[in-house]
Amino acid sequence: MQRTLPSRLRTPLAIGLIGATLAACSTSPLGRNQLAFFSDEELQQMGQQSFAQYQQELPEVGGATYDYVQCVADAITDEVPADAGIATWEVKVFKDDSANAFALPGGYIGVNSGLLDVTENQDQLAAVIGHEVAHVLSDHANERVSTQAATQTGLSILQSAAGLQGATGEQLMGLLGAGAQYGVILPFSRKQESEADKLGLDLMAEAGFDPNASIELWQNMAAQSQGQPPEWLSTHPSNEARMQGLRERMNEAMPLYEQARANGQRPDCRR
């Protein structure tokens, strides 16, 4: 049966917008349809600008702490498929007590020093970084920014990706997955979180990190926060259903881990 558009949607402009929306669909690595208005180049520019803003706002941590995080991040990103279009990843550790981490389009990873007080070992840190990198590989930033552009025409920053000052720029950083230092933490959707959990688990396993640490991470975070989720968990709700999803994925992740170990992939990252 052929459907007729309501009269308010039959104007040339409305029809053009609908056509653009239909043409701007992509598919996530797990087969879910996504809205994607922006090119890889535009998203990479947004990611680069957001990361530069982070670097302006927060002091960086070097030395053994940086080497430790870089070691874990390198092992994870070495497993990123070549067709992801990210040749190199830039990693920074920021001096901030909040337990937060993020990855941005274009290949940028930020870890706050407070997260290292919560993650007990390299495997738990790998669970966080793998999860965040998986958000990038799943094009979740494009999906979120595109949805915002389609529903909030006043968000002019989405048209030019130029400048990140003020509330609008902070909102963009939040959509990309950063922005925590401004209090602009925008949760990923349940479906996006599920995708990042599964793909992140695979990534850490392929890198030679124990996938079981992902469940230990959630338990450890809840225990250290005395029942209140830390800042990183405020956008990644920890519940039994989610941990159950990780347990179910173990059937696929553990063989990847065992194969990686058999191939000699045994990360030894220490602070």
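The structure is a predicted model. Its chain has 11 helices and 5 strands. Of the 271 residues in the chain, 49% are buried.

Helix packing comes next. Two packed helices are described by the angle between their axes and the distance between the axes. Helix α3, residues 63-77, packs with helix α4, residues 122-137, at an angle of about 55°, and the two axes lie 9 Å apart. The crossing of α3 and α4 is right-handed. On the α3 side the contact involves Y68, V69, V72, A73, I76 and T77, which meet Q122, L125, A126, I129, G130 and V133 of α4. By residue class, the contact of α3 with α4 comprises 9 nonpolar and 3 polar residues, with no charged ones.

Helix α4 also packs with helix α8, residues 190-206; here the axes come within 7 Å and cross at roughly 125°. The helices α4 and α8 are therefore oblique to each other, and their crossing is right-handed. From α4, the contact is made by D123, A126, A127, G130, H131, V133, A134, H135 and L137, while α8 contributes Q192, E193, A196, D197, L199, G200, L203 and M204. The residues of the contact of α4 with α8 divide into 9 nonpolar, 5 polar and 3 charged. Residues A126, G130 and V133 of α4 are listed in the contact with α3 and also in the contact with α8.

Two single residues complete the account. A141 is placed in helix α5, residues 140-151. With a relative accessibility of 7%, A141 counts as buried. A141 and L104 are separated by 37 residues in sequence, and their C-alpha atoms are 7.9 Å apart in space.

The second residue, R249, belongs to helix α11, residues 240-262. Which residues does R249 contact, leaving aside its neighbours within four places in sequence? They are K198, L201 and D202. With D202 there is a polar contact of 2.6 Å between the side chains. R249 has 13% relative accessibility and so counts as buried, the cut-off being under 20%.

Note on methods
Residues are numbered from 1 along each chain as its sequence is written. This is a predicted model: local features need pLDDT of at least 70, side-chain atom pairs count only at pLDDT 80 or more; totals for chains, interfaces and linings use all residues. Side-chain values use heavy atoms; hydrogens and water are left out. Axes are lines fitted to C-alpha atoms, for helices over the stretch in contact, and angles run from 0 to 180 degrees between N-to-C directions. Helices (H or I, at least four residues) and strands (E, at least two) are DSSP runs, numbered from the N terminus. A crossing is left-handed if the near helix is turned anticlockwise from the far one by less than a right angle, and right-handed if clockwise. Contact means heavy atoms within 4.5 Å. Ala, Val, Leu, Ile, Met, Phe, Trp, Tyr, Cys and Pro count as nonpolar, Asp, Glu, Lys and Arg as charged, and the others, Gly among them, as polar. Buried means under 20% relative accessible area, exposed over 50%, partly exposed in between (1.4 Å probe, protein chains only). A polar contact is a pair of N or O atoms within 3.5 Å; within protein, one must be able to donate a hydrogen and the other to accept it, and residues adjacent in sequence count only if both atoms are side-chain atoms. Angles under 35 degrees count as roughly parallel, over 145 as roughly antiparallel, 65 to 115 as roughly perpendicular and the rest as oblique.
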